[in-house]
Amino acid sequence: MVNNILSTENLNLWFGRNYVLKNVNLNVADKNITAVIGPSGCGKSTLLRCFNRMNDLIPETHIEGKVKLLDDDIYTSKMDVTEIRSRIGMVFQKPNPFPKSIYKNVAYGLQIQGKYCKDEINERVEQALKAAWLWEEVKDRLHSPAMALSGGQQQRLCIARALANRPEVLLLDEPTSALDPQSTAKIEELCLELQKSVCILIVTHNIAQAGRISNYTAFMYLGELVEFGHTEKVFTVPQDKRTESYLTGVFG
Amino acid sequence: MKNRKVLNFCGNGFLSLLAGITILAISIFLVRIFSLGSKVLSREFLFTAPRNCMQEGGIFPALAGTFWLTVISISIVIPLGILTAIFLTNYGKPKWLLNVVQIAIDTLAGTPSIIFGLFGMAVFVNLLAMNVSLISGALTLAILALPLFINSCIEAIKSVPFDFYEASLALGATKRQTITKIVLPTALPNILTGIIVCIGRVAGETAPIMFTAATFYTRHLPEGLKDEVMALPYHIYALMTEGTHPETQVPIAYGTAVVLLLLVLGVSAAAVVIRSSIRRKRKW
Amino acid sequence: MHKYKEKAFTAITYTASLFTIMVLFALIYGLFREGLPLFNKVSLTEFIFGIGWYPTNAEPEFGAWTFIIGSFCVTIGALIIGIPLGLGSAIFISEIAGNRLKEIVKPVIELLAGIPSVVYGLFGMSTIAPLIRNWLNLDTGLNIFTASVILGLMIVPIIASMSEDALTNVPKSIREAALALGSTKMECIFRVIIPAAQRGIIGSILLGLGRAIGETMVVLMVAGGSAQIPKSIFDSVRPLTSTIAAEMGETVIGGLHYQSLYALAILLFVLTFAINLITEFFIAKRDKK
């Protein structure tokens with residue numbers, strides 16, 4: 001078995017009185033793609049946002065249980081939130097580049113840490129853009145506004161922006177739901193390439209997408225982790241009745 | 001059925017009539033001010049001091065006074081306003097403090113300008129012994145403009161999409177970094193509009209400076225913060241009410257009004273242009 | 001290091017906010033410090049309901065009733081003129097005018113809202129007042145009517161601009177639903193759109209009311225300034241604000257007259273504060289719905 005980079009132990013989460021995550025135990029393997037699927041409102045995005053503590057932004061959030069990045073519990077008070085977030089990158093549903101230049105978008109994560117010199121930043125920006133397959137398209141206009149890129153390019157820019165920090169894990173929250181099929185295909189291909197160097201955890205609404213790219217699949221329903229295993233196994237011989245009905249489209 | 005059509009027609013006509021009256025009234029107002037005022041406008045009018053018991057000469061000291069009052073008060077307001085707006089939108093803890101600040105802002109924003117004048121007179125002029133001076137007036141105007149500016153900063157900051165905020169935090173930025181590097185630069189054009197609106201407001205106020213800064217007549221330009229100053233709006237008022245030679249002084253008042261209007265409308269027009277160009281460029 | 005900077009930044013914004021509260025308290029303190037001593041000599045009812053205002057007599061009288069009536073008259077007059085014109089223009093711009101016209105008129109109205117009041121005062125004093133005096137053969141053109149016209153004209157852009165925002169913010173789907181059910185344009189406007197925009201419209205009127213009550217320069221220059229209870233709308237009056245502005249220059253600091261003007265300011269402050277509260281209360285109540 002490959003070693004686990006992210007794991008949760010009896011994770012429970014409430015938004016106010018709303019019981020959103022119920023006793024979730026999940027192990028995410030390094031250098032693989034793990035997909036989280038489930039009907040809308042099942043808590044899959046919330047689970048994803050637990051890993052880089054983005055749920056902290058929502059008032060009245062209450063969390064019990066443990067979330068570990070390797071051996072560090074990320075919810076202990078001595079952990080620095082900003083450090084966790086630079087170790088675990090995140091890409092959102094809607095492409096959200098800053099209204100700055102392409103270069104400044106990618107360099108942002110490095111600049112705020114304040115420990116890299118200019119040459120290092122330039123080098124990392126180039127690497128990140130190359131890794132996100134955007135370099136050839138933008139190398140001549142690094143200083144033009146990021147907002148002028150197409151939707152698919154913007155999303156790859158967001159991936160590059162996250163990669164520039166050299167994260168150990170990349171969280172993707174339905175990254176293709178706002179994109180056209182062609183851009184979606186490109187991002188999927190990109191994920192398959194990226195998994196060689198970084199662990200990817202992707203939340204998706206699209207069952208076929210999970211089947212195409214992931215090695216492991218987790219199925220969530222009403223806040224519970226119903227089933228988790230190799231994608232092939234989950235898709236062909238689901239253990240749980242609910243997984244089967246979801247995959248066959250009963251409550252898709 | 002026919003009845004409804006008639007009603008519709010009448011309603012349409014009535015509303016158009018009201019709008020027409022408004023446009024007509026405002027046009028008469030503006031045309032009258034500009035036609036009478038532009039007669040006295042000249043280079044000399046702008047750049048010389050009044051002469052011969054305010055019956056001749058220009059308004060340069062008043063122009064300079066208004067300039068300095070505005071510049072000083074606005075430079076006090078900008079940092080305070082932005083910081084307060086940041087507190088209200090991004091920190092806001094404890095909750096009761098947030099509410100108290102909000103109430104204070106709303107109350108101050110609704111307070112008549114003459115009351116700020118009296119406050120300035122009681123506190124700056126008398127209590128702190130700054131006398132009737134440029135600094136007393138500028139501080140009074142700053143307090144008047146503060147709530148307005150805070151409110152427009154709040155609007156500006158709130159118009160920054162939450163996506164940006166979230167994306168920045170997800171990249172490992174701290175709250176302060178997110179605010180100073182992402183939120184404020186994105187909100188900047190709107191904050192700028194707020195500043196310009198404040199400039200227009202401050203430059204045109206008369207009541208707050210009547211007893212704190214303004215003087216009817218001085219040949220000197222302000223040389224220090226402790227000097228009394230002339231100011232455009234007060235100059236208009238003084239010419240109309242304290243003048244002794246209406247036939248020569250009323251035209252000067254109109255000329256001063258045109259200068260003041262051009263100044264205020266000019267900066268406000270700049271604000272409108274900036275805002276509409278932002279709306280057009282904005283892609284989020 | 002990071003933590004330290006974060007704390008410092010938070011502390012700075014915190015301090016700035018405290019400063020704003022301090023300003024409000026200083027304002028209240030300043031007014032009361034100067035104004036309250038008057039009430040050692042005069043009772044509150046005497047002050048509010050008294051009719052004579054002779055602050056410099058040997059036996060001084062401090063009755064503010066005529067000023068309150070004066071403020072009341074010009075404010076009501078201003079609203080009578082400002083509300084129909086302002087709302088009518090707002091509806092015209094948002095519902096009847098084409099896009100082209102709207103794009104020009106809307107910014108122009110916003111610009112007009114920024115015209116300094118002293119310019120309105122100048123216009124009223126030297127153009128409208130003589131006109132009215134000659135037309136109606138009056139002793140003076142500086143009276144309630146003229147002041148109302150000018151104040152009304154001044155608050156039209158405020159009411160129009162804010163109401164127009166409220167009307168434009170009514171969702172397109174609601175309009176389309178009403179029109180699809182076969183209502184005429186006016187039925188759609190008066191039965192569907194205006195009720196939907198009610199809150200913003202009332203807000204704009206209250207804002208105009210606040211501006212009219214607190215306005216100093218216009219009434220100081222145009223309302224005439226005689227302290228009397230008016231018998232007709234062509235009598236001149238002296239509102240609270242113009243009393244303060246006109247007499248402050250003649251007072252001795254700390255004297256009874258000086259204190260009495262601060263007492264008037266307290267009265268005015270309480271009045272506008274109450275209007276604010278009503279606005280807040282009204283809007284908050286609506287919000288819950």
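The model is predicted. Chain A has 252 residues and a radius of gyration of 18 Å, which agrees with the value near 18 Å for a compact globule of that length. Along the principal axes, the C-alpha atoms of chain A fill a box of roughly 55 × 45 × 35 Å.

**Fold of chain A**
- Chain A contains ten helices and ten strands.
- Among contacts in chain A with a separation of 6 or more, 69% are between residues 24 or more positions apart.
- Buried residues make up 54% of the 252 in chain A.

**Surface and charge of chain A**

**Helix 5 of chain C**
- Helix 5 of chain C covers residues 117-136 and has a kink of about 40 degrees.
- The kink is centred on Gly124(C).
- Of the 20 residues in helix 5 of chain C, 14 are buried, so the helix is largely enclosed by the rest of the structure; buried here means under 20% relative accessible area.
- Asn137(C) follows helix 5 of chain C and has a positive phi, near 60 degrees.

Notes: Residues are numbered from 1 along each chain as its sequence is written. Chains are lettered from A and ligands numbered from 1 in the order in which they are written. This is a predicted model: local features need pLDDT of at least 70, side-chain atom pairs count only at pLDDT 80 or more; totals for chains, interfaces and linings use all residues. Side-chain values use heavy atoms; hydrogens and water are left out. Helices (H or I, at least four residues) and strands (E, at least two) are DSSP runs, numbered from the N terminus. The radius of gyration is taken over C-alpha atoms; the globule rule is 2.2 Å times the number of residues to the power 0.38. Buried means under 20% relative accessible area, exposed over 50%, partly exposed in between (1.4 Å probe, protein chains only). Contact means heavy atoms within 4.5 Å. The bend at a residue is the angle between axes fitted to the seven residues ending there and the seven starting there.
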